[in-house]
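Work through the exercises below with the model in view. Try each task before you read its solution.

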Amino acid sequence: MYRLNRAILIGYINFDPELKSTKTGGKHALIKITTDSGWNSATKKPNYTTIAVRLYNSDAEYICKYGKKGSLVLVDGRINSYRIEGKGEFTEVVAEKVQLFGEKQTVKEKEGDFEDYVAEAKETGTIGGTPIDQFDLPF
């Protein structure tokens, strides 16, 4: 029987990564990423899931050098669970491959509410300075 332990995640980094050293001199970092896991119709808000991701060596150095809070990241790895006496059981994803996609983009970059933002976009024909092309399909 074959067994598969694979996790592929896309989410936003919750805090600036910090590079640390292991006892043997290797590099590692722990990040937490938040993913969208659907819509809660009762609260009319999105549901989010936060997942711990452990990175080692060159992947840890890469994330710590180029990643920061709000960066969009793709993680391909395996799920790992472990127990710490007196603290409980923990589950994390141990990354085997990581790729940054860029920073989290906000819908509005100015004060005001969403309706003001939409009205301005319709009036100027741009979103964040980028012209709106009504024939440009999002797929």
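A salt bridge is a side-chain nitrogen of Lys or Arg within 4 Å of a carboxyl oxygen of Asp or Glu. By this rule, the structure has four salt bridges. The model is predicted: local features need pLDDT of at least 70, side-chain atom pairs count only at pLDDT 80 or more, and totals for chains, interfaces and linings use all residues. Residues are numbered from 1 along each chain as its sequence is written, and side-chain values use heavy atoms, with hydrogens and water left out.

**Exercise 1.** Find the salt bridge between Asp76 and Arg6, and say which parts of the chain the pair ties together.

*Solution.* Start with the distance. Asp76 and Arg6 meet through their side chains at 3.1 Å, N to O. Asp76 is in strand E5 (residues 71-84), while Arg6 is in the segment before strand E1 (7-13), so the pair links parts 70 residues apart in sequence. Strands here are DSSP runs of E with at least two residues, and helices are runs of H or I with at least four, numbered from the N terminus.

Now check accessibility. Buried means under 20% relative accessible area, exposed over 50%, and partly exposed in between (1.4 Å probe, protein chains only). Asp76 has 16%, so Asp76 is buried. Arg6 has 40% and is partly exposed.

**Exercise 2.** Are Arg83 and Glu89 buried or exposed?

*Solution.* First, find the contact. Arg83 and Glu89 form a salt bridge, with their closest N and O atoms 3.4 Å apart. Then read the accessibility. Arg83 and Glu89 are both exposed.

**Exercise 3.** Describe the aromatic pair of Tyr62 and Tyr66.

*Solution.* Rings of Phe, Tyr and Trp (its six-membered ring) pair if their centres lie within 6.5 Å; planes under 30 degrees apart are stacked, over 60 edge-to-face, and the rest tilted. The structure holds two such pairs. In one of them, Tyr62 and Tyr66 lie 5.7 Å centre to centre, with 55 degrees between the planes, and count as tilted. Both are in helix H1 (residues 57-66), four residues apart, about one turn of the helix. Tyr62 is partly exposed at 25%. Tyr66 is exposed at 51%.
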